[in-house]
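Visitor: I should like to go through this structure by way of a few questions and answers. May we begin once it is on display?

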Number of protein chains: 4
Amino acid sequence: MPNSFGHVFRITTWGESHGPGIGVVIDGCPPLLPITVAEIQAELDRRRPGQSEITTPRKEADVVEVLSGLYEGKTTGTPIALLVRNTDQRSSAYAEMKQAFRPSHADFTYQSKFGVRDPNGGGRSSARETIGRVAAGAIARKILAHAGGVEVRAFVTRIHDIAAPAEALTAFPSLAEVEASPVRCPHPATAAAMVERIKAVRSDGDSVGGVIECRIRNVPVGLGEPVFDRLEADLAKAMLSLPATKGFELGSGFAGSLLKGSQHNDLFENRDGRVRTATNNSGGVQGGISNGEEIVFRVAFKPTATILQAQKTVDLEGNPTELMGKGRHDPCVVPRAVVIVEAMAALVLLDHWMRQSAQNRTFQF
Amino acid sequence: MPNSFGHVFRITTWGESHGPGIGVVIDGCPPLLPITVAEIQAELDRRRPGQSEITTPRKEADVVEVLSGLYEGKTTGTPIALLVRNTDQRSSAYAEMKQAFRPSHADFTYQSKFGVRDPNGGGRSSARETIGRVAAGAIARKILAHAGGVEVRAFVTRIHDIAAPAEALTAFPSLAEVEASPVRCPHPATAAAMVERIKAVRSDGDSVGGVIECRIRNVPVGLGEPVFDRLEADLAKAMLSLPATKGFELGSGFAGSLLKGSQHNDLFENRDGRVRTATNNSGGVQGGISNGEEIVFRVAFKPTATILQAQKTVDLEGNPTELMGKGRHDPCVVPRAVVIVEAMAALVLLDHWMRQSAQNRTFQF
Amino acid sequence: MPNSFGHVFRITTWGESHGPGIGVVIDGCPPLLPITVAEIQAELDRRRPGQSEITTPRKEADVVEVLSGLYEGKTTGTPIALLVRNTDQRSSAYAEMKQAFRPSHADFTYQSKFGVRDPNGGGRSSARETIGRVAAGAIARKILAHAGGVEVRAFVTRIHDIAAPAEALTAFPSLAEVEASPVRCPHPATAAAMVERIKAVRSDGDSVGGVIECRIRNVPVGLGEPVFDRLEADLAKAMLSLPATKGFELGSGFAGSLLKGSQHNDLFENRDGRVRTATNNSGGVQGGISNGEEIVFRVAFKPTATILQAQKTVDLEGNPTELMGKGRHDPCVVPRAVVIVEAMAALVLLDHWMRQSAQNRTFQF
Amino acid sequence: MPNSFGHVFRITTWGESHGPGIGVVIDGCPPLLPITVAEIQAELDRRRPGQSEITTPRKEADVVEVLSGLYEGKTTGTPIALLVRNTDQRSSAYAEMKQAFRPSHADFTYQSKFGVRDPNGGGRSSARETIGRVAAGAIARKILAHAGGVEVRAFVTRIHDIAAPAEALTAFPSLAEVEASPVRCPHPATAAAMVERIKAVRSDGDSVGGVIECRIRNVPVGLGEPVFDRLEADLAKAMLSLPATKGFELGSGFAGSLLKGSQHNDLFENRDGRVRTATNNSGGVQGGISNGEEIVFRVAFKPTATILQAQKTVDLEGNPTELMGKGRHDPCVVPRAVVIVEAMAALVLLDHWMRQSAQNRTFQF
């Protein structure tokens, strides 16, 4: 259950960073969807390590194998099992970490909760777990695209204190604009500065975080299930389930609480022949249900916990010690996290679409 | 399902703002807990309208009736059903609203999703729905208090642009400090200014939002289920499932992304005979699991959507019209929301405690 | 969770036999269904005690109140809460039973599991709990009837050793035929003998059980979710969740295991312009999925545990004692259980219909 | 969801008969359980085809690979992924079956539900799917054995019309007694006759079914969650989720409805220093909760649908045709199903044990 997500389009991920492999089972995928391994692989390639000069040098091809659920190039409605073998495992790098808890990592809490942990590369707490999410997200995105051209686009708006100017990000960025820079910020000048900052902190053995914005357009009105499974509630859960996230905000977000109601309210108008709002402080969701405007949310990521500096900590017995970060790590996870944010957003949206269909479209009275 | 929350300690709420009543069914409450109706009523009294000069004048005693699940003053392990009858229903105030969509309300999305809605007082989208959450939360909090003195304390840190100074909020506030002001900010000078601001916007027929911080102390290490049901993920979902919320952040939150890893990491140390962290940027959760430090999170609330000013909108046919807010509403929902935030936090924590117990303590090898 | 049933059309029941009341919350009901309180009450009247000379003399009008989820005579898609107050409570009849465990009742197991139980009338283990199921089933049946005329009909085929002749039950019985006798066997001669048998065992202070058959016609092809949520698996669970049930069989059932494959297989043929089977040993389900034939299953009920005879048992301390049945009980629960079997069958079918719709009809490729 | 089973100890199976492989993900396994691949393989060997002269000659070694969840020979509390590659795939045997629906198979219903199916060897509807259940069951059984010596033992009591005498099956059979014959009936004389019957029907190109009884001993009092998740309800669902099953009965079962209450009631007595029942018509469950007596249930299996005889059917367009069974099939699935029944029973029991622990043992008041 804790390793499953979604109600109708439901995924279950498994696998440790340095175990035999990582995978996902997708239950509830509609039948007859044409999908190729290459389409899934393409998203994994956007996520995989070693893709650019600002990511970890860990080499993993992350080649996906489809074990079930497809027949003659189409989904059959049965579970889709996907497997990615781990190949570049250097457990020796983690020998020291077996004996002490890395600061701001999951070592201490896993050890305390389970009484045991796989110390190699963080085991299950490694971001490699998100491989399964991205693979499943690739399928979800294809379905959404088919269903009226729903597009999910995430991009980096801030790295450390380098932020893209708000006015540069008003339009819905194209995929090409996002992918133009390894940092995945669609504003070229800002992107260049971000890359330099990441290189600089890496050379210091340090790390930085940042903020990702995600927008979804062509969303039908009516997705989201009040009262607990509001669309923004499930988006928030999805985002806070990602490693290194510290915050989520929808539409006007935290800044919206600085406005008065007369400023914040999104007035309805008749535009393009349908009910629209003049502004979008709501971020595309009202009363927990999509209103047809762009869904807009932002996610805050903390700086990578692993740094190549000596840090004070304690060992398994609680005695003071020092630990020097080793292994191959991203000095900033935010650019690669763009792909993961998109995948999770797609999973939330698709699942809600199918839920909405079940209750409100199965029978017409 | 959309009206249920929790896995082991599971609540299901029902009821519309101006229907016969509001209620909740609690499934999975441990047996033999001594609990009185008065203890539940006390939390409802903190939530109910008309409790102070800065809340809605709607008069609702919100008297709770226990319909099942108790025997001789103790829980029996069977479902606890709680009912609060609605009494102060003035549906006439909503006649005009049947014909047009209130801006930034759920009228349009409910109508679009379901093809129908109860227009009286917002029906199911009304914040009266949270009565059931608060009643269930009262029971959850009693269990948590019993279990090692876990305390959940929320309070207002900002209303509009009036914020309590950070240095005034370092200590865990007492309930008395929070309840000392109707605005529920434990810093008296700030609280007084907040009250004045709320009165001022109300006299303008306008509204304001703000930020609530919630802290939980004496939390055992080990609560939270990676990878999707991380403690912060479920807290985020719980908070974003509340009306009028726009954001959630844990520990260092959005500001944490401005730090470098070397500044942000919480170094482990041996303090008070156990493993502690020197700082708490993690907000009490690492790798999705509580680490025994205070859980600290903040929730952003938008300004109340209902304002007593004429606003442009459209009618059910999509034609432009104007709507003047009526009914009796809070110019700022944040002070009353403190109680609801506490209730939801308690529900998340208790449910995770019981889940942790099932997997990790049922059998010992 | 244990008090909830269904995934999309989901019910949660609550209430004790001699507590303030009994109720149900229905979550996921499609919007815009016209439904009246009278339609729900009609099914409750078929279930309620005191309806005929062969049932318990306990007088309960079982009047249902709708607390939420309806607006102007139609469902709104929000939770429907239904309440039935208990009125005829004679707890004094149960004083003795607080001190000893009634044989083959739930007294001992509830006490052992929870450490406490409401001893009045069996508390939560009473068949009064099924009031909520029947009320919810009334709504489910109306939806099914609307959707292509699906009909659910249960009836008694055996009481003690008095069985209706198989050849008398080949046609789908009408509701009038079933309701013609208080014992709800559509074969008049058998029904008369059954009534006499029940009267006879009652005069002896004894009890009997029997078998109910349920058939569902006009079922669409495709309901049921392999592999764990097969249609027959969920029907089996639904039936075995009813008090006093000891067995379930589908189609050919236990007797089917006496046939060879060449005798048992249902050959496909083209009949009425669609694919049909020549026989129906499958009972309308193949591979866990409805095949469009009549769904046919049978449920075995044990004799009522409460008998008006002295029986050996033990008290709360485990000491031997005797207990004489008191209270007002059915000498045979089977006739009233017909209504409950129909309700549960309708709930299973409707929930699967909505699930099927979500996965297989939301998107067309 | 439809491919998942259990709430706390939750399994998800995937894979088609002639696809790349079959597998299972186990979520919620307690940490620190010592378990070897050999222990899992041993149960798979009991299930695999080709193990004796009366099973299918299909050769599958069914070698299991552990992909995650173990560290240094112990479980870690993270998901355990198990993979069995398919090796002996002769899809050519199924060419004809692509064009017509095999009688009493899932071909027609899968095609109708999903609009597509993998016709090779039945795809997902093949009994090969149960490999995942048996592998997970092996782990569940080890946990149960550790926890107070709970033993699950299934065995064949009837094949076609050859039944073991009731008096020969009163004692709890040992594993050796069950495994002494390939037909897994612990009564040697009956077993020999069963083997002959199976050989005889196979030589006729026909098939037979039968009945399996399952007993579980050393069960703690208190497992089972009223009202919908009664222990017998979940056992019934588990058994009816197996291919070819047509019925389930607990304790006295269908025959119990022929007794009077005075004969059927299980009188309580103080035996061995604890509360016991003099008889066990209840089959170890009362009010949905285990009472500490042996859990006893029986499952009916229909004759194998695939027979090596020409049978009338229709093709994909609904036109009449004939189909001659091909492929390599068991003339009787019942002996191999013994292992699967045990696995499912263990999964139900373990999941309920963990659920019981969560609600009733996490907190003590």
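Visitor: Which residue of S11(B) is the bridge partner of Glu249(A)?

Guide: In this predicted model, strand S11 (residues 245-250) of chain A pairs with strand S11 (residues 245-250) of chain B. The pairing is antiparallel and extends over three bridges. Within S11(B), the bridge partner of Glu249(A) is Gly247(B).

Visitor: How many residues of chain A and of chain B does their contact take, and how many on the side of chain A are charged?

Guide: The side of chain A that touches chain B contains 34 nonpolar and 36 polar residues. The contact takes 89 residues from chain A and 89 residues from chain B. On the side of chain A, the number of charged residues is 19.

Visitor: Why may one say that chains A and B meet through the same surface?

Guide: The test is whether interface residues of chain A are also interface residues in chain B.

Visitor: Which element gives the largest share of the side of chain C that touches chain A?

Guide: The contact takes 22 residues from chain C and 21 residues from chain A. On the side of chain C, the elements that give two or more residues are helix H3 (130-146) and helix H9 (334-361). The residues of this side divide into 13 nonpolar, seven polar and two charged. The largest share, eight residues, comes from H9(C).

Visitor: Which strands stand at the edges of the open sheet of five strands in chain A?

Guide: The order of this sheet is S1-S2-S3-S7-S4, with antiparallel pairing. An edge strand has a single partner strand, so one side of it is left without a neighbour in the sheet. The strands at the edges are S1 (4-5) and S4 (64-66) of chain A.

Visitor: Is H3(D) largely enclosed by the rest of the structure or left exposed?

Guide: Helix H3 (residues 130-146) of chain D has 17 residues, which at 1.5 Å a residue should span 24 Å; its end C-alpha atoms are 24 Å apart, in agreement. Of the 17 residues, 15 are buried, so H3(D) is largely enclosed by the rest of the structure.

Visitor: Which residue in the turn between S17(D) and S18(D) has a positive phi?

Guide: Strand S17 (residues 310-314) and strand S18 (residues 320-324) of chain D run antiparallel, joined by five bridges. Val314(D) stands opposite Pro320(D) in S18(D). The two strands form a hairpin with five residues between them. The turn residue with a positive phi, about 90°, is Gly318(D).

Conventions:
Residues are numbered from 1 along each chain as its sequence is written. Chains are lettered from A and ligands numbered from 1 in the order in which they are written. This is a predicted model: local features need pLDDT of at least 70, side-chain atom pairs count only at pLDDT 80 or more; totals for chains, interfaces and linings use all residues. Helices (H or I, at least four residues) and strands (E, at least two) are DSSP runs, numbered from the N terminus. The expected span of a helix is 1.5 Å times one less than its number of residues. A residue is buried if 20 or more other C-beta atoms lie within 10 Å of its own, exposed if 12 or fewer, and partly exposed in between; C-beta atoms are placed from the backbone. Two residues are in contact if their C-beta atoms, placed from the backbone, lie within 7 Å. Ala, Val, Leu, Ile, Met, Phe, Trp, Tyr, Cys and Pro count as nonpolar, Asp, Glu, Lys and Arg as charged, and the others, Gly among them, as polar. Two strands pair if DSSP finds at least two bridges between them.
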